[in-house]
Amino acid sequence: MRLQDHILVPKHEILKEEEVEKLLKLLGVSKEQLPKIKVTDPIVKEIGAKAGDIIKITRKSPTAGVSIFYRFVVE
Amino acid sequence: MYPKKISTIKFEVLSPQEIRRMSVAKLNNPETYDDDGFPVESGLMDTRLGVIDPGLKCKTCGGKAGECPGHFGHIELAAPVVHVGYAKIIARLLSGTCRECGRILLKDERRDKFIREIERLKALGQSYEEVLKEVFRLTKAAKKCPHCGAEQIEIKFEKPTSFYEILDPEKKEEQKLTPKDVRERLEKIINEDLLPFGLDPKAVRAEWFVLTVLPVPPVTVRPSIILETGQRSEDDLTHKLVDIIRINQRFIENRDAGAPQQILEDLWELLQYHVTTYLDNEVSGIPPARHRSGRPLKTLAQRLKGKDGRFRGSLSGKRVNFSARTVISPDPCISIGEVGVPEEVAKELSVPIFVTPNNIEVAREFVLRKQSPKASYVIRPDGKRIRVIDTNQEEIAEKLEPGWIVERELMDGDIVLFNRQPSLHRMSIMAHHVRVLPYKTFRLNPAVCPPYNADFDGDEMNLHVPQSLEAQAEAKILMAVQEHILSPRFGGPILGGIHDHITGLYLLTRGEKKFEKEDAMEFLRAVDLSEIPAKDEYMGKEIFSFILPKISIKFKAEICQGCAICKEESCENDAYVIIENGKMLKGTIDEKAVGAFKGIVIDEIMRKFGSSITKKFIDDMTKLAIRVITRLGFTIGIDDEDIPKEAVQQIEETISEAEKRVEELIRAYKEGNLEPMPGRSLEETLELRIMQELGKARDRAGKIAGRYLGMDNSAVIMAVSGARGSMLNLTQMAACIGQQSVRGERITRGYAYTHRTTSHFRSMDLGSKARGFVRSSYKSGLSPIEFFFHAAGGREGLVDTAVRTSQSGYLQRRMINALQDLKVEYDGTVREQTSGVIVQFKYGEDGVDPMKSFRGKAVDVKRIIREIMEVKE
């Protein structure tokens, strides 16, 4: 069973290299200043992200419709 | 320049070498000053430790008083003494290590496991206190040293600083360990064995917990004060240090003279006592050291601890200048954006005028004025302050030029910050404009009470005068009262009419009331209106419309009965408010329209016209309402709750019937005929049914009373319009107070062993009377037993409030500490200020400012549709 198929688990995807650069430039931060997620996190394992990657999470929000979060994968 | 970042703070224990190294003088003279008033060499006021008297120079750095920061000295203790603050860890170390070889009473593998566990928890930033406890528990129980095989003797720690070895637990044979013994044992512990006790051998050696040398703080830390009589009065710390030196010297003398062991031991004890109280004078188990007057001395720990200590009193809390505090009282005639300041306060507080070529004439005028507001001081560019008095004002005015600062008394129109504690939200500090008034209280418009949560039963408030132009501008733009009409808590108005405002407008707008021209003019006198159509009579709704900005809105008022189908325009209660283009057509203005926290009309004006028009509306509304209620007259008295005999009769009957039904329920329960409700025990069922029955009885009694208290009753008017009180309050006054409860149950506690609440009842009586049902009304008065139950129920409420405020206060404090560095940046992200770490990518997921939201929702769809439709038309 895929975790992402569960209705309560929002969409997780690994950000591509150029997207990462764009994002960090937009926010004006280094990777370490983003919120973190552990590589051992089940969802991280499932999408196959490695430490150093950035994950984009697209959540449904009752007030904003869709809300986007980023997580920096750490050991 | 970037601020430097602190990466870590590490606490260590001062080693004896460190203490000697930082010391500039070895002190051994108990005298402080000689007969000529000069500090004695090697005494506690030695000039090498710094100077406090003007004229003297520090022998260490050459600085004069005020320049020299002070330097530490030291006392060589003739015999070691235990440091009270470390006594507990010493106890753990003593009972955890071998008395022969000094190794920890654990096998190496066991020890290393604990070390790793502590390391792990440290890395996670978690508390490892539990591991330390476990180590203590295990090592304490060890009978034999696993390293050298020596038998272990149990250590007894007697607070605050004594240690004993229990040689024979049965015969109670004990051997005291002197601090010297203790120190020798601690010296034997190897570095690796310190880790499982939570000590870092790089920072601490165990034997440093027993003092052999005592650091003496510089004189600047403990300055003596000179009394009016010319006598010197030494600081408490100096007193204590004198005691220590005196005993220390006596110990040396006695030891050198070969005094008996007993005398030396007594002196040693005494030295231990003095050092202990020097460090902390509130240690339990020993009497606190006292001043000659009998006052306990304030020693090191007392300087730091508690509310007035260094941390809470001096570092986090500071006193401010340019502030005032006094009792508040209401003044409906001033604007909500104003605050009435007593003349006396206005004369004391000052605002600086920074003199420029543009304002020099204004500044000069203030200097020359003979009456308030006048200049109180001028400050020259070289920083000299000159007081402006009658004799020098002309001279100063002459000399005045750009670059000077004129300090002027507070006057009308100045901007000040006004605050009421507890400052729980940002509306607790708002900017007001000054209105200098006679008498001695701060005056504020009652409509600003809700955001401050103020009333006038003796509340005091603080006032601060911003001193720089930046601060004044910021206060005016960001903190002004009108900028806080909408609350960031729920996106609705927090400011609004209270009590009489609501009653007044209710009386004005209810129904088709007509007012004579004279009355109408009186109502509108205080309101600034340019034009009023000439008429002989005015409708109440019409008068209210005069102050309304051009808004259109429809809503159900507070007095709405909640009919199944709303008849809207044709509501017979006149509870459906229709305002079209600033004209009030239908309905009644009450709490729902203009009340604080509710105020739909205020909300609408705020959204459509912004803060300054809303401010004017609230000002006009309060003035109008107060004039209406004053002219019409409004009063309540005890006889307002009088109800006719037949009503009393009916109420009596209703309650008696209910009580009879309760009796029946109890009989059914006792006979076992009571059917339990699903998921409830028989007892619970009975309780619930009884509560239900009695609740219903009270409601019915209330309805009966309500029938005789018509809509012309003042108390009823206040209850239905939402001005003050509720129908329940009226029921309790007129008809029946009802069931008293503690913890949501009928009152069952009292004589627990006889199963009754008071001695007036039989054991196990479950009847309504015996369990706290009060059938009397407040007006008729309570029977003594009823009164007792009522007090029990009332007490619970008081306890709850007391508990809740302390709990929520602490919660608030923790929240503020956790969130204080977070800031919403201009790009909508929430970041930590120092590290730049992102906490939220968009504030609150949606980036909505709750103050600008529509009652918490991001968009008010209905409103948008309505506005578009209006444009189309």
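**Notes on a predicted two-chain model**

1. Let's start with chain A: 16% of its 75 residues count as buried, where buried means 20 or more other C-beta atoms within 10 Å of the residue's own, exposed means 12 or fewer, partly exposed lies in between, and C-beta atoms are placed from the backbone. A word on ground rules: this is a predicted model, in which local features need pLDDT of at least 70, side-chain atom pairs count only at pLDDT 80 or more, and totals for chains, interfaces and linings use all residues. Residues are numbered from 1 along each chain as its sequence is written, while chains are lettered from A and ligands numbered from 1 in the order in which they are written.

2. Chain A has two helices and four strands, and along the sequence they run β-α-β-α-β-β. Its radius of gyration is 13 Å, close to the 11 Å that the globule rule gives for 75 residues, so chain A is as compact as a globular protein of that length. (Helices are DSSP runs of H or I with at least four residues, strands are E runs of at least two, and both are numbered from the N terminus; the radius is taken over C-alpha atoms, and the rule is 2.2 Å times the number of residues to the power 0.38.) The C-alpha atoms fill a box of roughly 35 × 30 × 20 Å along the principal axes.

3. Where do the two chains meet? 11 residues of chain B are in contact with 12 residues of chain A, contact meaning C-beta atoms, placed from the backbone, within 7 Å. The chain B side of this has five nonpolar, three polar and three charged residues. (Ala, Val, Leu, Ile, Met, Phe, Trp, Tyr, Cys and Pro count as nonpolar, Asp, Glu, Lys and Arg as charged, and the others, Gly among them, as polar.)

4. B:Leu93 sits in helix α2 (residues 87-96) of chain B and counts as buried, with 26 C-beta neighbours inside 10 Å. Beyond four places in sequence, B:Leu93 touches B:Leu186, B:Ile189, B:Phe197 and B:Ala206. B:Leu93 and B:Ile189 are 96 residues apart in sequence, yet 8.7 Å apart from C-alpha to C-alpha.

5. Have a look at helices α17 (residues 517-524) and α21 (residues 611-632) of chain B, which pack at about 135° with axes 8 Å apart. That makes α17(B) oblique to α21(B). Their contact has four nonpolar, no polar and four charged residues. (Axes are lines fitted to C-alpha atoms, for helices over the stretch in contact, with angles from 0 to 180 degrees between N-to-C directions; under 35 degrees is roughly parallel, over 145 roughly antiparallel, 65 to 115 roughly perpendicular, and the rest oblique.)

6. Finally, some backbone details to check. The peptide bond from B:Lys159 to B:Pro160 is cis, with omega near 0°, and a cis bond also joins B:Ser372 and B:Pro373, with omega about -5°. B:Phe322, not a glycine, has a positive phi of about 55° and is partly exposed, with 17 other C-beta atoms within 10 Å.

Note on methods:
Contact = placed C-beta atoms within 7 Å.
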